Amino acid sequence: MFKILKIIPLFLITVSSYAQQSNTFKGTVLDSSTQELIPFATVIAYNNTKLINGVSTDNYGEFILNTRQPISHLEITFIGYKNEIIKIEDIVDSNFITVKLKTSLEELDAVVINTEQTTSKLKLDRKIINIGRDLQQAGATALEAFDQITEIQTDLGTGSLTLRGSQNVRLLVNGKPSSLSPTELLAQIPSSTILRVELITSPSAKNQADGLSGIINVILKKNTLKGLNSNLNAGFGTKRYNYGLDGNYNFSFLNFRWNLSQSGREMDSKQQISQIYNNGNTRDFFAPHDFSGLVRKIDTGLDLFIDDQNELSIGFDYTDDAHSFYNDTFYTNVIGRDDFIYTRNSSHHHKTTNINANYRTQFKKENHFLEIDYQFSKNNNLLPAIDFEEGVLLFEEKRTNNNKLNALALDYSFPVTENILIETGASWNKRLLESSNVVRTVNEPETLAVFNYEEILLGIYGLTNIKTGKLTWQLGLRYENLTSNSINNSNSETTDLKFSNFFPSLHASYTINDANTFNLGFSRRVSRPNFRNINPFQSRNQYFEWVANPALKPEFSYNFETNYQYHGNKLTASLALFYRHRKDVIERLQSIDSNGVLMITFDNIGKKHSYGIETSTTYKLTDFWNSQLSANYYHTNVNQDVPLTWNELYSSNLIFKNTFKINRSLGIDISYRHNFKTQNAFNFIEPRSRIDLAARLNLLENRLSISLRIVDLLDNNLMHRTTATQNVIQHEVWRFQSQTFGYLFSMNYKLFQNKQKLRNRKNRNYNYGGTTD
C-alpha cells in the first residue's frame, strides 16, 4: 500500500506535466473578399511534412484544435478556395486566429453543406438560430418554424407573438416591419427561404429602442452564388399546397436574383366556447373558423460589385396576400332566446411593395466601412366584412388601412486600433397611415370615418467596442426623437405627441477558455403609444373588438441579461438568465360585454418585474444520432393600478429533438414539444404537448430532396383556455389545424448550381412600431 501511495503523486506530477505541454489553437475561417464565415473548412496541424492533427470548422466557421506534439504550421483548406498556410511563429495569439481564404481561380462546382438540425449560438447581444435544413421545417411556413423555437410563442387566435413571456416584441423581416399581424406575416414566408432567426433579447444602442422584450428579426436567404443557379420546390399536404422557383445569375461584377412563389391553404380551426355570467346567464357557441387563403410573392434584386471596395444593391419585392373567413357560429344555451346561427363573411387583401437601395464602401482597413441604406414600403390593406343572423343582414363594413414608410439610415464603422472599434450612425423614418371605415347597418344610413396618422422618428447612436485579452466590452448610447400626430374625423379627436429620450446599453463578453464563453448585457428600452394603440378602426368581429386609447403614456424598461455557452466536441450547452423592470406598463386589457364580445384595449397599469431562465443542450450520442433538449421558465409579478384577474404571470415549455442520420441519403427527426400551464393577466392555458415526425430522402447526387412531415402524431394538441373577467367566466377549446394532426409532402430540385461567391451585406433594422391589422 505504501508503494502505491508513493506512486500516486509521481503519476499526478507526470500527468500535470504532460497536460501542460498541450497546445490549443482557436480561430475563425472567413472568405477574404466577403468576410462571410466558412463552415466545415479543414484545419490541419503539421510538423514539417508530418500530419499531427486535424479538425473542421463548425456551423459558424470556428475551430478548436488541441495537440500535445510540436507543430510547425497550420494548413486550412476548403473546396473552391486556395489553401492557406500559417506558420506557428506568425501566430500572435493562439486563442484568436483569423484565417481568410481566397477563392480559387479554377471554376469548380459549389459544395453546399447544410446542417440537418436547427443550431443556435449566443452572441454579445443576441441569440442566433440557424434554421439550416431542419427536417421539421421542410415545406413549412415561418409561423410553423417558430414552433421549433422554445423562446417564442404564437397565439393564432389573437394573432399575437410572445418572446420571453411578453407580447411587447418587435417582429422584423430583413430588418423591416410589416402592417400585417405577426401570424399573418409569418404565414406568408416559406421556411425554406429563412437563413436565420435573430432573437435580440438585449439590443444594443445600434437598434431602435422600441420592443421591450426584444426584437425577432427573420433574415431571409439571398441568392448570390456565382454563375446560373436555380431551385424548384413544391409541396402539398393537409388542405394546402405550394410551389416556387428561386435562383440567381452572377456575372462576378453583377448579380441578378429572383424568388417567385405561390401557396394556397384552407383551414377549419374549430372553436367551442362556454360562458357563465355572474348573474347566472349562460351562453355556448361553436365556430368552425373556415379559412381560405392564397399568397403570391415576387422578390428580385440586383447586386453590383463596382470594385473590391464598393458595392451597390437594389431590391424589389411584392406580396399579394388574399384570404377569406367564413363562420357559421352556432349559439346554444342562451338565456331568454332560442338557438340561432350568426354568420360572418370577411376577407383580407394585403398588397405590400418594398423597394430598397443599399450602398457600401469598404476602406483598406478591416471593419472600416461606410454604408447608406434607403427603404420605401407601401402596404394597402382592404378588410371588408358582412354579418347575418339567421340569414338577416345586421351589419356591413369596409375597412382600409394604407401605410407608407420612408426610411434612411447611415452607418460608419472605424477601427481606431486593433482592439478598439468605433461605430456610429443615424436614421430617419417617416410613416403615414390612413385608415377609413365605411359602415352600413339595417335602417341606418351609411357612415364614413377616416383616421390619419403621421409619425417621424430620428435616431442617432454611438458604440465603442474594446477588446482587452479575453474580455470584450461594448458601450453604447442612443438618442431618439419621435413626433406623431393624428386626427379622427368622426369625433374630431386629435393627438400631438412628442418624445425625446436617451437609451444607454452595456455589453461584455469573456472567453473563459477554449470552450466556455460568458456574456453580460444591459439596455434601456421604450414602448411609445403608436398607431396601433390610437387607431380606432382595428380588427373586429362577433367574438372580439379593439378599442383605441389615445391617452397612453410611454412605457420604459430596464433589461439585464447574462448568458453562458459551452462548446465541446460532442456537447454544446447554454444557459441564459434575465431580469426586466418595466414601469407605466402598457397592458392589453380584456373585458366581456353583455353581448359576449371580448373588448380589448391598451392602458397603463403600473409596474412589472419579470425574470426567466433558458437552457439548451445538444449532444452527439453517436455518429448517426444527435439529441437536443431546450427548456425555459418565465415569471412576472405585477404591481397594478387597474384591476387584473391575476397579478402573477408565468409560462414555460420544452422541446426534445432527436435527429437520426440513417445513411448518406436518409435522415429522420422525432421532436416532442410540451407547453406547461401558461398564466396570463386575464386567462390561463392548460398544458399541452405534441409529437412531430419528419424524414428526408436525398436522391440524384443530392440534387433532389424529398421530405415528409407529420405534425401532432397523436392528435392531442388542443388549446384549452379559460378567461376570467369581472362579469364572465369563459371556457374555450381550439383546434388549430396547423398545430394539430396533419401531413406535408414536399420536394426541392436543384436545376443549376455553381461556384459560391457571396456578398457581405449588413442586415438593416429599418423601422419601429406595430401593425395596422
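## Terms and model

Buried means under 20% relative accessible area, exposed means over 50%, and partly exposed lies in between. The model described here is predicted.

## Two loop residues with positive phi

Asp715 has 33% relative accessibility, so it counts as partly exposed. Asp715 sits in the loop between S42 and strand S43, which spans 719-724. Its phi is positive, at about 55°, although Asp715 is not a glycine.

Leu700 is another non-glycine residue with a positive phi, again of about 55°. Leu700 belongs to the loop between S41 and strand S42, and S42 covers 704-711. Is Leu700 buried or exposed? Its relative accessibility is 54%, so Leu700 counts as exposed. The cut-off for that class is over 50%.

Asn626 lies within strand S36, which runs over residues 625-640. With 25% relative accessibility, Asn626 counts as partly exposed.

Strand S14 takes in residues 215-220. The strand is mostly covered, with six of its six residues buried. Cover is found on both faces. One side carries Ile215, Asn217 and Ile219, all buried.

Which way does strand S12 run against S14, parallel or antiparallel? S12, made of residues 170-173, runs parallel to S14, and four bridges join the two. Within this pairing, Leu172 has Asn217 of S14 as its bridge partner.

Ile194 has Leu220 of S14 as its bridge partner.

## Enclosed space

How many cavities of 30 Å³ or more does the structure hold? There are 11. The second largest cavity contains about 130 Å³ of space.

Residues from separate parts of the chain line this second largest cavity. Among them are Asp147, Ile152, Gln153 and Thr154. Arg673, Asn675, Arg688, Ser689 and Arg690 are also in the lining, as are Asn717 and Gln739. Three strands each supply at least two lining residues: S10 (152-155), S38 (666-675) and S41 (688-699). By class, the lining has six polar residues, four charged residues and one nonpolar residue.

## Rings and charges

The structure holds 18 aromatic pairs. One aromatic cluster is formed by Phe285, Tyr331, Phe340 and Tyr342.

Arg360 places its charged end over the ring of Phe369, 3.8 Å from the ring centre. Lys677 lies over the face of Phe684, and its distance from the ring centre is 4.5 Å.

Terms used:
Residues are numbered from 1 along each chain as its sequence is written. This is a predicted model: local features need pLDDT of at least 70, side-chain atom pairs count only at pLDDT 80 or more; totals for chains, interfaces and linings use all residues. Side-chain values use heavy atoms; hydrogens and water are left out. Rings of Phe, Tyr and Trp (its six-membered ring) pair if their centres lie within 6.5 Å; planes under 30 degrees apart count as stacked, over 60 as edge-to-face and the rest as tilted. A charge sits over a ring if NZ of Lys or CZ of Arg is within 6 Å of the ring centre and within 35 degrees of the ring normal. Buried means under 20% relative accessible area, exposed over 50%, partly exposed in between (1.4 Å probe, protein chains only). Two strands pair if DSSP finds at least two bridges between them. On a 1 Å grid over the protein atoms alone, a cavity is a set of points where a 1.4 Å probe fits but cannot get out, and a pocket is an open set with protein on both sides within 12 Å along at least five of seven lines; lining residues have an atom within 4 Å of a point. Grid points are joined across faces, edges and corners, and a volume is the space filled by probe spheres set on the points. Ala, Val, Leu, Ile, Met, Phe, Trp, Tyr, Cys and Pro count as nonpolar, Asp, Glu, Lys and Arg as charged, and the others, Gly among them, as polar.
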